[in-house]
Amino acid sequence: LDEKEAAKEQRKMDDEIAKRSRDQEKRRREAEKELADERKALAEVADAIDWRIEGQETVAGRPTWVLSGLPKPGYKPKSQEAKVLTKMRGKVWIDRDDSRMVKADAIVNDTISFGLFLLRIQPGFHFTFELARVNDQVWLPRHGWLKGSAKLVGLKTYRMEMDVHFSDYRRFQTDSKVLAGTEQ
């Protein structure tokens, strides 16, 4: 390229780098906001739910504490995410070694709306999910089940039951070699 074209291409490249840098910063701020919102909703769990220790059980071969929860009467949620908590009851299983929720079983007590009337989950909707520790490193889905009805756009009611099992997790491995570049 001649000098003029090279300078033009350099400006285009500099503009693209600056644009990507701004986009990356924007994505980082959005991710931080989303994480902060999730933390607020999670912090509200203790305020929104009356928890009771039910005992101990083994889940996927690991010892857990079992807690049952009911919405606190009259509780006013501070966040949209926490509003869902006031409309469900259920149990959670907490791994005794990792202090992590490894199973949840919940039933919807009152209609839960998403997007005004876009999706309305009906009372009686029941779901369970369970995680398992894989390779003594990471928690991954083991089982998920749901049964109930939901109304879409206030017009069509869907009744559903779904049972999903996850198994045979394997660590992804690959061999790679770094080769020195050769000039031609």
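Start by selecting Val-45, Trp-51, Leu-85, Val-92 and Met-101: of the 19 residues that line the largest pocket, these lie nearest its centre. Keep in mind that you're looking at a predicted model. The space in this pocket comes to about 640 Å³.

Helix H1 (3-48) gives at least two residues to the lining, and so does each of the strands S1 (49-59), S2 (62-71), S3 (88-95), S4 (101-108) and S7 (126-134). Which of them supplies the largest share of the lining? That's S3, with 6 residues.

S7 pairs with S8 in the antiparallel sense, over 9 bridges. Click on Phe-129 and look across to Gly-144 in S8, which stands opposite. Then go to the hairpin of S7 and S8: there are 3 residues between the strands, and Asn-135 has a positive phi near 55°.

Now follow S8 (residues 138-152) to its other partners. Strand S6 (residues 119-121) runs antiparallel to S8, joined by 3 bridges; select Arg-120 and you'll find Lys-151 of S8 opposite. Strand S9 (residues 156-165) is also antiparallel to S8, with 10 bridges between them. Pick His-143 and find its bridge partner in S9, His-165.

Last stop: the hairpin of S8 and S9. Here too 3 residues sit between the strands, and Val-153 takes a positive phi near 55°.

Technical notes:
Residues are numbered from 1 along each chain as its sequence is written. This is a predicted model: local features need pLDDT of at least 70, side-chain atom pairs count only at pLDDT 80 or more; totals for chains, interfaces and linings use all residues. Side-chain values use heavy atoms; hydrogens and water are left out. On a 1 Å grid over the protein atoms alone, a cavity is a set of points where a 1.4 Å probe fits but cannot get out, and a pocket is an open set with protein on both sides within 12 Å along at least five of seven lines; lining residues have an atom within 4 Å of a point. Grid points are joined across faces, edges and corners, and a volume is the space filled by probe spheres set on the points. Helices (H or I, at least four residues) and strands (E, at least two) are DSSP runs, numbered from the N terminus. Two strands pair if DSSP finds at least two bridges between them.
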